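Here's a quick briefing on the model below.

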Amino acid sequence: AFNFCAGPAALPEAVLRQAQEELLDFRGTGMSVMEMSHRDQVVVELAQRAEQDLRDLLGISDDYAVLFLHGGASTQFAMVPLNLMGGNGKADYVNTGQWSSKAIKEARRYGDINVAASSEDRNFSYVPPQADWTLSADADYLHYCPNETIGGLEFDFIPEVDKPLVADMSSTILSRPLDVNRFGLIYAGAQKNIGPAGITLVIVRRDLLGRAGASVPAMLNYQIHADNDSMYNTPPTFAWYLAGLVFQWLKDQGGLTAMATINERKAKRLYDFIDASGFYSNPVEKANRSWMNVPFVLANSDLDKDFLAEAGAAGLHNLKGHRSVGGMRASIYNAVPEAAVEALVAFMADFEKRHG
Ligand code: PLP
């Protein structure tokens, strides 16, 4: 069976097998890793190893703290303004879809938010060129979502700004190499390319720490998490362990350059098939099509139910589009093999032949 879920998403089979093998007896300790104290040296070491492997994969320098937190990317919608809007109480946001919109809505609780650009006018089907943005001179940071998981819309450039750049990379991180030095802060919920749900990654430039106001709760303060190596309270140790296995798996695959080659090929295969067909379509401007999330609609939406039922029977799972937009969506994160995309394309061609 192949799993095209947008999140929680498929994990590499090798990772699940290793976790299964180690489940009852973690490397000779006689205990499961989920039964161990986060102060135990064994757990501290695996946590450090996970961080180092991530640093190696993304080339993260010591100028950045790497945090493993609770609360999902949604908590970051609040933590970012609470920690970074200490200066002018103002921030620029780019609105390219539902996740950007949610980040904007949350940030508005804490300060003055300028929507510097939006593609809502064309149903979030394109990324507004930076030349058209209205940036504020006194913003504390600029926030954007490089990959909109629901719309399947991806930036084909990194914004150039003279203030800290903040990115919600939940559904694109680790899909290809990235120049982390361009960013002030990157965050990502784990449950797509990192590991299981329950842990959230934050990569933050150290000079941005310590800007939270006195009333910001300790658990929402980046400085406190950084000072405590993300162990200010009990961290999600089992999810952290699994994320570490995924990072090792990525290294074994040849790192992010190798993943990028595969991911680009998977996405191209699917988009080329959709574009060549008169039966399926994708509304996103070609330059901004996501490598990770591929939404598509059938020419006749009355067939949606049959498509999903037949796909499920063929072992192709979780292809239903987000409840807010309908249609279909194939999420093809790192752990989804090329064979899955081949199987999907073959199924779609056959379905079209029978119903088109
Ligand atoms: N941002 C993006 C781009 C997402 O895809 C998601 C979830 O799918 C979120 C934020 C919310 O993440 P969480 O459910 O971890 O809070």
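Helices (H or I, at least four residues) and strands (E, at least two) are DSSP runs, numbered from the N terminus. Keep in mind that this is a predicted model, where local features need pLDDT of at least 70, side-chain atom pairs count only at pLDDT 80 or more, and totals for chains, interfaces and linings use all residues. Residues are numbered from 1 along each chain as its sequence is written.

**Domains**
- The protein splits into domain 1 (14-252) and domain 2 (255-355), with bounds that come from an automatic or database domain assignment.
- Taken over C-alpha atoms, the centres of domain 1 and domain 2 are 27 Å apart.
- Their contact uses 23 residues from domain 1 and 24 residues from domain 2; two residues are in contact if their C-beta atoms, placed from the backbone, lie within 7 Å.
- On the domain 1 side, β7 (153-154) and α6 (237-252) are the elements that give two or more residues.
- That side of domain 1 has 8 nonpolar, 10 polar and 5 charged residues. Here Ala, Val, Leu, Ile, Met, Phe, Trp, Tyr, Cys and Pro count as nonpolar, Asp, Glu, Lys and Arg as charged, and the others, Gly among them, as polar.

**Around the ligand**
- The residues surrounding the ligand include Gly 7, Ala 73, Trp 99, Cys 145 and Asp 168, where a residue is near a molecule or strand if its C-beta atom, placed from the backbone, lies within 6 Å of it.
- Helix α3 (residues 72-84) gives the most to this shell, with 3 residues, and Ala 73 is found in α3.
- By class, the shell has 3 nonpolar, 7 polar and 1 charged residues.

**What UniProt says**
- The unreviewed entry has a "binding site" annotation covering Ala 73, Ser 74, Trp 99, Thr 149, Asp 168, Gln 191, Asn 233 and Thr 234. These positions are spread over 162 residues of sequence and also in space, up to 30.2 Å between C-alpha atoms.
- UniProt also places "domain: Aminotransferase class V" (unreviewed entry) at residues 2-344. Over residues 2-344 the chain is 33% helix and 17% strand, with the end C-alpha atoms 9 Å apart.
- UniProt positions are in the numbering used here, feature names are shortened, and annotations may be inferred rather than shown by experiment.

**Helix packing**
- The axes of α7 (residues 255-276) and α9 (residues 338-355) come within 10 Å and cross at roughly 5°. That makes α7 roughly parallel to α9 (angles under 35 degrees count as such).
- Axes are lines fitted to C-alpha atoms, for helices over the stretch in contact, and angles run from 0 to 180 degrees between N-to-C directions.
- Among the residues that meet are Ile 262, Leu 270 and Phe 273 in α7 and Val 341, Leu 344 and Met 348 in α9.
- The α7 contact with α9 has 7 nonpolar, no polar and 4 charged residues.

- Most residues other than glycine have a negative phi, and most peptide bonds are trans.
- Gly 7 and Pro 8 are joined by a cis peptide bond, with omega about -10°; Pro 8 sits in the loop between β1 (2-3) and α1 (13-22).
- Arg 27 has a positive phi of about 45° although it is not a glycine, and its place is in the loop between α1 and α2 (41-58).

Terms used. Angles under 35 degrees count as roughly parallel, over 145 as roughly antiparallel, 65 to 115 as roughly perpendicular and the rest as oblique.
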